[in-house]
Amino acid sequence: MTQITAAITAVGKYLPDYILTNAELETMVDTNDEWIVSRTGIKERRILKGENKGSSYMAIRAAKDLIQKSKIDPKDIDLVIVATATPDMQAASTAAYTATQIGATNAFSFDLISACSSFLFAMSTAASYIETKKYKKVLLIGADKNSSMIDYTDRATCIIFGDGAGAVLFEPNEEGLGLQDEVLQTDGNGREFLQVAAGGSQLPASSETIANKQHYVFQDGRTVFKYAVSKMAEVADKIVARNNLTKENIDWLAAHQANKRIIDATARRIGLDEKQVMLNIEKYGNTTSATLPLLLNDYENQLKKGDKIIFAAFGGGFSWGAIYLKWAYNTNN
Ligand code: UT7
């Protein structure tokens, strides 16, 4: 019997129009372009403006972009997963709303939340649903409105994050392409170093939590940086070694775009050159769940069928991991 693997067969994206530049940030907090670029690699990021727009606003548009490009009928989608750290609201699923809005009326749907590892972990989930042969079309969207939880008077966090969404479609493949291997890990000892303390079940919203600014992202940047460098490099190295991959036969590194220095360290650890490393941090900053699918969108025209891609991510929790995937199509553009 033919073995079924789970391949990415289409991508789509949405980025808000508003560009928040380093120059504008200089007018908001005590920072400067030179510091931001040299410490993070970020020049600008997108911000979703307007009332009543949550992550679903961007998720819907990224999904519609994919549907329009791939010409699939949304009614054929079996499952919609929205990977996000910023769901529209508590209790009501962002994925359910997104699925209905894009016309995926025959799909079931759910959110997958694991900070900056949400999309990576959801790739594993989406692929597993295909590999069971129960479902044939799984739409995975990574969408985050990070600006909804950033304190724009805190220079330690406001320079890093941006908003955006990217989508990928997973389908069965009989040529052995798609997801090959994964190493996924978590360590709850890390949660004190990167979190939004209030607004969840542990510390519900109150006038006190608002006064204490506990609904904003808190990050101990140095500690997170240290762990991110060591853990992302460690899992990337592990997945490379156990799949007998080498610098010569890996085509791309698609790493979470939190800080260019972390991406560079991961690339160095597995011996890759700059030209093998996908990058868009300069334009979008850290878009959390959207970083990996946005990379695939930006590099789609350069990707060739059979290309070997190493994905890696690190985020709050702590949570981190690496995935090895073989690209499944050539674009005609
Ligand atoms: O996506 C989830 C995972 N998140 C990450 O992976 C992020 C990991 N962390 C980082 O990327 C980095 O730690 C940051 C970009 C957040 C900070 O860079 P850093 O090189 O670790 O800076 P630092 O926190 O060690 O601060 C160095 C100096 C400090 O000044 P002193 O104490 O040396 O005088 C800071 O006060 O830079 C100062 N500083 C700034 N200066 C200008 C901190 N933020 C800024 C700023 N502009 N925005």
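A molecule sits in a pocket if more than half of its atoms lie within 2 Å of the grid points of that pocket. By this criterion, the ligand sits in the second largest pocket. The structure shown is a predicted model.

**Surroundings of the ligand**

The shell around the ligand holds 23 residues, and the closest are Thr31, Arg39, Arg222, Asn259 and Asn286. By type, eleven residues of this shell are nonpolar, seven are polar and five are charged.

Four helices each give at least two residues to the shell: helix 2 (33-40), helix 6 (155-158), helix 8 (221-242) and helix 9 (260-269). Helix 8 provides the largest share, with four residues. In terms of domains, the ligand lies between domain 1 (5-176) and domain 2 (179-326), because both of them give residues to the shell.

| Residue | Ligand atom | Distance |
|---|---|---|
| Thr31 | nitrogen | 2.7 Å |
| Trp35 | oxygen | 3.3 Å |
| Gln219 | nitrogen | 3.1 Å |

On its own, the ligand has 950 Å² of accessible area, and the protein covers 76% of this. Thr31, which contacts a ligand nitrogen at 2.7 Å, is also one of the closest residues of the shell.

**Backbone geometry**

Most peptide bonds are trans, and most residues other than glycine have a negative phi. Two places in this model depart from those patterns.

The peptide bond from Gly317 to Phe318 is cis, and its omega is near -5 degrees. Phe318 belongs to the loop that runs between strand 12 (308-315) and strand 13 (319-326).

Lys133 has a positive phi, near 70 degrees, although this residue is not a glycine. The loop between helix 5 (118-131) and strand 6 (138-145) contains Lys133.

Terms used: Residues numbered from 1 in each chain as written. Predicted model: local features only at pLDDT ≥ 70, side-chain atom pairs only at ≥ 80, totals over all residues. Heavy atoms only, no water. Near = heavy atom within 4 Å. Polar contact = N/O pair within 3.5 Å; in protein donor to acceptor, adjacent residues only side chain to side chain. Areas by Shrake-Rupley, 256 points an atom, 1.4 Å probe, with all protein chains shown as cover. 1 Å grid on protein atoms, 1.4 Å probe; cavity = no way out; pocket = protein on both sides within 12 Å on 5 of 7 lines; lining within 4 Å. Nonpolar A, V, L, I, M, F, W, Y, C, P; charged D, E, K, R; others polar. Domains from an automatic or database assignment.
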